[in-house]
Amino acid sequence: MRRVFSSFDLVAVHHARNVLESNGIGSVVRNEFLSSGAGELPPADCQIELWVLHDADAAHAEAMLRFDAPPAGAREHPWRCARCGEVSERQFTHCWSCGAPAPALTA
Ligand SMILES: [Zn+2]
């Protein structure tokens, strides 16, 4: 299995899962019930994660999610780190994983 998406936004993770499932890619959500621990645990450990069941699907899945619009009602548009590929919520100015700065806001 490989992680293809992570977010603090449960709606965004489930939307991403729906996108993959509707394209025939099997996936599972992890850490769905850990996010309530945010503030007590390191934030990076509390993100809700989406994993594909088969490693071979990972590249395809990531490509689909990269171009997929966020769901209606999602308040924050996550951004993907150009250096390491991790996804962070918009309110973070730096990548939680490697510390690279977020891309400039375009909106
Ligand atoms: Zn990074």
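**Exercise 1. The surroundings of E49**

Identify the residues that E49 touches, leaving aside those up to four places away in sequence.

*Solution.* Step 1: with contact taken as heavy atoms within 4.5 Å, E49 touches R3, F5, S6, V13, V28, V29, R30 and N31. The model is predicted, and local features need pLDDT of at least 70, side-chain atom pairs count only at pLDDT 80 or more, while totals for chains, interfaces and linings use all residues. Residues are numbered from 1 along each chain as its sequence is written, and side-chain values use heavy atoms, with hydrogens and water left out.

Step 1: E49 is placed in strand β3; helices (H or I, at least four residues) and strands (E, at least two) are DSSP runs, numbered from the N terminus.

Step 2: the relative accessibility of E49 is 11%, so E49 counts as buried. The classes are buried (under 20% relative accessible area), exposed (over 50%) and partly exposed (in between), with a 1.4 Å probe and protein chains only.

Step 3: V13, one of the residues touched by E49, lies 36 residues away along the chain, and the two C-alpha atoms are separated by 7.0 Å. The side chain of E49 also makes a polar contact of 3.0 Å with that of W51. A polar contact is a pair of N or O atoms within 3.5 Å; within protein, one must be able to donate a hydrogen and the other to accept it, and residues adjacent in sequence count only if both atoms are side-chain atoms.

Step 4: N31, also touched by E49, belongs to the loop between β2 (27-30) and β3. N31 has a positive phi of about 65°, although it is not a glycine.

**Exercise 2. The zinc site**

State which atoms coordinate the zinc ion and what geometry they form.

*Solution.* Step 1: the SG atoms of C81, C84, C95 and C98 coordinate the zinc ion at 2.3 to 2.4 Å. Donors are N, O and S atoms within 2.8 Å of the metal (3.2 Å for Na, K and Ca); water is not among the atoms, so sites may look incomplete.

Step 1: the angles among the four donor atoms run from 105 to 114°, and the site is tetrahedral. Four donors count as tetrahedral if all angles lie between 85 and 135 degrees.

Step 2: along the chain, the donors follow the spacing C-x2-C-x10-C-x2-C.

Step 3: C81 counts as buried because its relative accessibility is 4%, whereas C84, with a relative accessible area of 36%, is partly exposed.

**Exercise 3. An aromatic pair**

Find how many aromatic pairs there are, and classify the pair of F8 and F92.

*Solution.* Step 1: rings of Phe, Tyr and Trp (its six-membered ring) pair if their centres lie within 6.5 Å; planes under 30 degrees apart count as stacked, over 60 as edge-to-face and the rest as tilted. By this rule there is one aromatic pair.

Step 1: the ring centres of F8 and F92 are 5.9 Å apart and their planes are at 50°, so the pair is tilted.

Step 2: the pair links distant parts of the chain, F8 in the loop between β1 and α1 and F92 in the segment after β5 (87-88), 84 residues apart.

Definitions and conventions: Four donors count as tetrahedral if all angles lie between 85 and 135 degrees; four count as square planar and six as octahedral if opposite donors are over 155 degrees apart and all others between 65 and 115; anything else is irregular.
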